Amino acid sequence: MIKIAFAGNPNVGKSALINEIAGSSLKVGNWPGVTVEKKEAQFEYKGQTIKLVDLPGVYSLSPYTLEEKITRDYIIDENPDVVINVVDSTNLDRNLYLTMLLKELGKPMIMALNFIDEFEKLNYKLDLKHFEEHIGMEAVPTSALKNRGIKELLEKSLKVAEEHKEQAHSKYELRIDKFLETEMKKVEEFVRTSDEFIPVMKKYSMDFITIKLLEGDNHFLGKLKGYGINRLDLVEESKKRIEDKFDEDVETIFAESRYGAVKGILLHTLKTSLKSRLDFTDKVDKILLNKILGLPIFLILIAGLMGVVFNGAAPLQDWLDGFINGFIGKYAGILVEGTPDWLNSFVLDGLIAGVGGVLVFVPLMLFLYFFLAILEESGYMSRVAFLMDKIMRTMGLNGKAFVPMVLGFGCTVPAIYATRTLEDEKSRRLTALMAPFMSCGARLPVYGLFTAAFFGKTAGMIVMSLYFLGIFVAMIVGLTFRKHEYFKTDDRALLIELPPYRVPSIKMITRSAFTRTGSYLKKATTVIMGVLIILWALTYFPNHGDTENSYMAKFGKTVAPIMKPTGFGDRWEAVAAVVPSIAAKEVVVGFMAQVLPLKETEEETEEVTTFTEDVVEQVKGLGFALKDSFLGVVNISAVGGLFEAPDAETVEEEGVGVVGAVANLWAGDKEGPLKAYSFMVFILLVVPCVVTLAAIKQEFGNKFMWFVTGFLVLVPYVASTLIYQIGRLFI
């Protein structure tokens, strides 16, 4: 197998190039033990197995950030056969700094001069032959968007890998000051003549060892201790002489040398025109990053994104739900007809409902990833960090964390996955801890049921208060945990490069959306299926479908005394409803309809249809869903509907008389509305759903998922108790 690693700055098109080379075989996962996204692809080419690895976008190879550490460690430890250094050809002066650092690692390398189509439009000229001579490697002009130079890049990469097959490290010479060069040679000689460095030299290039010793790189010095190397007196003497001579620390001196080398190379090889692609970007940024207009425009865009994602996905989700539970459920029911009741219920209520619970999120994830990819590829996502940074920093986060928070109003699941847009892991954790408090759309049916039963005309105000309460709790959580070591991010000013605006490639964003959605589907299915089957068993046994005497009901009756301080603990039905709500919040309405006595209704006669008629009906339904989905995308004004609780009539569709039955929970109790409000607060703040937990597990691991689960049980308990106990003082 030939391993090819892609390294470069963020937004230089590494993923797009891999997509073009490997087709649709790109797989997304996480680097072992961390949540930084790992993309790789494997394919056959001319009888050889090629593995492409997309390393995280970085600006340097210091060990200060997780992404830089991953990139550096992968190239050193995994020893790829060749590194493709992807650079933005229209921004060489910035991109070539990383090239210098990569060369110090001493691995076989080739350069992809990406965005060459934009480079040519700007009338820039590069003397490629002399550029390659000065930079010390082959460079291939490429454009992932126009599919240019892709095959040549692959062919030359394989050639470089073959040529350097037996070579431990490539030679690299940084053109520097004579005095610095002399001191470097002294350190190099010291390393060569020290026996304890023999195993170190096999792993690291001499250039890397020398520079890191002089820079005093703590990460590297820590590695040396593992080889039993502790005394570096000679290196310290050289370092002191250099710093005395230049009156600067060695790290800065080397950085300036690299920038000087880059400047020298470009001075002799690159000619730029007066025309700059940054002109357009600057003009747009004057509006989008304007101190007065920037934030309102951003909020409108985010609101529009929510409208497009959730309104566009909803019809397809409804159709999918009907297809699985109606069509597939109907014929699965025919297949299991005559089998024992428990098997019948297991197939229909456990398996089919379980699969449905996962699949109905697929349209939502597709829409979300598609439009997030547009924001990312266009360059606007970086502006979000800039706009919201000041506000979000008060909670220990950077501006990018605002996007997952807003998405949480629609659904917590995509909000958790959207934390991938944040660069550092601690910010992701804190955002993932706060996002579940945003009141998602699935909670609205519960609000609708309880406000219709207890609050009448003031229902709207009550629902709005719940939204604000969720935001308030999230802010308190952010302010509380921002100082905790596990969540505390480095208190450094946000340094972010604002890439130029680009028209996103439809092929790129479509691939990105499908790849990410496939990853969600593959990994989430097993977890969710397992949990839903357990929930089915708890509500079915031991009395075969008698919900009121199920294990779930027994649990509710047992836990009810513990929930007494919250007010709603005096009714086991309300307590027990919290458990299935973790499967999905909408389940609460159905659960209440099952366990509370409803008024008698006449049974409707189900129309008998043939298989062909059902298929035609489903096809028609899909057509209508696609049409409604399109209308949902274009009708951005409908975004307001995301915040409206369903009316009593809609709620009644879940169970005739359920509003009245819920009102009877605390009929004649003057504290009834307060207890209902306390219950809604609990539903607002408790674990959103198992899909969210699956997403958290996938993104942050088991331990963090259990921590979040416990936290999202404790917080609603405390909040509901406070609200009920304080509220009683005013009744």
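## Reading the terms in this model

The chain's secondary structure comes to 32 helices and nine strands, where helices (H or I, at least four residues) and strands (E, at least two) are DSSP runs numbered from the N terminus. This is a predicted model, in which local features need pLDDT of at least 70 and side-chain atom pairs count only at pLDDT 80 or more, while totals for chains, interfaces and linings use all residues. Residues are numbered from 1 along each chain as its sequence is written, and side-chain values use heavy atoms, with hydrogens and water left out.

Q: Why is Phe682 called buried?
A: Phe682 has a relative accessible area of 4%. Buried means under 20%, exposed means over 50%, and partly exposed is in between (1.4 Å probe, protein chains only). Phe682 is therefore buried. Its place is in helix H30 (residues 672–685).

Q: What does Phe682 touch, not counting residues up to four places away in sequence?
A: Its partners are Met563, Phe568, Val578, Val713, Pro716, Tyr717 and Ser720; contact means heavy atoms within 4.5 Å. The chain also brings Phe682 and Ala719 to a C-alpha separation of 7.5 Å, although they are 37 residues apart along the chain.

Q: Is Lys3 buried or exposed?
A: The relative accessible area of Lys3 is 18%, so this residue counts as buried. Lys3 lies in strand E1 (residues 2–8). Leaving aside neighbours within four places in sequence, Lys3 is in contact with Lys51, Tyr74, Glu78, Pro80, Asp81 and Val82.

Q: How many of the residues in the chain are buried, as a percentage?
A: Buried residues make up 54% of the 731 residues. As for contacts in the chain with a separation of 6 or more, 76% are between residues 24 or more positions apart.

Q: What makes a set of residues a nonpolar core?
A: A nonpolar core is a set of buried Ala, Val, Leu, Ile, Met, Phe, Trp, Tyr and Cys residues joined through side-chain atoms within 4.5 Å. The largest one here has 130 residues, and those with the most contacts inside it are Leu372, Phe437, Phe450, Met592, Val662 and Phe679. Helix H14 (residues 294–335) gives the most to this core, with twelve residues. Apart from this core lies another, of 55 residues, among them Val83, Val87, Phe197 and Ala261.

Q: Why are Tyr540 and Phe541 called an edge-to-face pair?
A: Rings of Phe, Tyr and Trp (its six-membered ring) pair if their centres lie within 6.5 Å; planes under 30 degrees apart count as stacked, over 60 as edge-to-face and the rest as tilted. Tyr540 and Phe541 are 5.0 Å centre to centre with 85° between the planes, an edge-to-face aromatic pair. Tyr540 is buried because its relative accessible area is 6%, whereas Phe541, at 24%, counts as partly exposed. The structure holds 32 aromatic pairs. Phe437 also belongs to an aromatic cluster, together with Phe481, Tyr486, Phe487, Phe700, Phe704, Phe707 and Phe711.

Q: What kind of peptide bond joins Phe541 and Pro542?
A: A cis one, with omega about 5°. Pro542 sits in the loop between helix H23 (506–540) and helix H24 (551–559). Most peptide bonds are trans, and most residues other than glycine have a negative phi.
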